[in-house]
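Have the model open and follow along.

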Amino acid sequence: MLLSYLILGISAVTSSQNPASSPTKAAADPALFDLLVLGSGIAGLAAARLAEDDGKRVLLIDKGRRLGGRVSTRRQDGFAFNHGAQFVTAKGTEFASLLAKAKAAGNIKDWQISDDKIVQIGTPSMRDLPQFMATGLMIRQQTEITQIAHHGGHIGFFDKDGLVATGRQAIITAPAAQTAKLLADIYPELAATAGLARYDPCWTIMLGLEGDHGLGTLPLRDEAAGIALGVPEFTRSNQQSSLDAPALTIQATGAWSQQHLQDDPQMVIKSLCQIWQNLSGKPLGKIITSAAHRWLYAKVTTAAPSAAPRLSHDGKLAIAGDWLGGPRVEQAFDSGLQAYHQLR
């Protein structure tokens, strides 16, 4: 049964009623879950995994095609780019335990990011960490939730066509701006919490190159010049042979990205390539393929205060995300765990 859910998805129940005006009048209610989790980033996966291990019937819903949120990997024209979070580190015992399990399963590996620093990365790609966390979970992808409302005494998730699922409780892990919009009517106190968080954007470019002669052997960073981190992908040393094509991922700083937020993607690619070449002193050579991605909610600069509400007044819905703790992947993970503990 679980396999059929994962392959076929869970049918959304549509209704002729407008969910924004009368969400409680949907034609039929899909299966009731103990917990609905919105967002398949690290916070959502952490919460869903803990609830599942606690014996709850959990459905995780995400609007994207892939798991992981900003812990992501893109493959294009034979090249692999880890274009979201570049690595993870653990300071607390719970995240360290997760990484140890992922490492034992072959999904995490150490990476010498500089002469004096070792971090952890997914293997063969960063996306393999969230995929490890998602093992056995019931997940529905490519479903954009546009409204959250009370439904038959429970929490209802609605998309543009109507009711998608109901849960006795729910956890929302969307970026702060999206969380604020979704919860403004049903739980304004939580929407207000979300309104206190702030992010920096991040322009990221991905270059597939003919050769690797100008890339060097370590990541490059120069915040004054506008580069937060430039990573020749082969330096991760975890790439499989099929992914060894010389790929370069460059992430701009928040300040540079904000300054160029509305620039054309091709102009962003050209500008960051020039900065890289100026810093490295070497030409990049022939670029076979290129792409740019603009992360609007890339790095938390101001987290919502810990004293701000994170659990609804009726105890049915909690919020989670790095914007409640800080920019590190571990802080998103911890937030997911905390949200579930608040609901118990």
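Ile 171 touches quite a list of residues from elsewhere in the sequence: Leu 35, Leu 36, Val 37, Leu 38, Ala 47, Ala 318, Ala 320, Ala 339, Tyr 340 and Leu 343, leaving aside anything up to four places away. Keep in mind that this is a predicted model.

Now hop over to helix α8, residues 265-280. Its 16 residues reach 22 Å from first C-alpha to last, close to the 22 Å expected at 1.5 Å a residue. Which of its residues are buried? They're Val 268, Ile 269, Leu 272, Cys 273, Ile 275 and Trp 276. These cover an arc of only 165° around the axis, so they sit on the same side of α8. The general rule behind such spacing is that an α-helix has 3.6 residues a turn, so residues three or four places apart point the same way.

What lies over that buried side includes β11, β12, β13, β14, α7 and β15. Turn to the face pointing away, and you'll find the exposed Gln 266, Lys 270 and Asn 278.

Last, look at the ends. Asp 264 caps the N-terminal end of α8, with a side-chain oxygen 2.9 Å from the backbone nitrogen of Gln 266. Just after the helix, Gly 281 takes a positive phi of about 75°.

Key:
Residues numbered from 1 in each chain as written. Predicted model: local features only at pLDDT ≥ 70, side-chain atom pairs only at ≥ 80, totals over all residues. Heavy atoms only, no water. Helix = DSSP H or I, 4+ residues; strand = E, 2+ residues; numbered from the N terminus. Expected span 1.5 Å × (residues − 1). Buried < 20%, exposed > 50% of the residue type's maximum accessible area, 1.4 Å probe, protein only. Arc of directions from axis to C-beta. Contact = heavy atoms within 4.5 Å. Polar contact = N/O pair within 3.5 Å; in protein donor to acceptor, adjacent residues only side chain to side chain.
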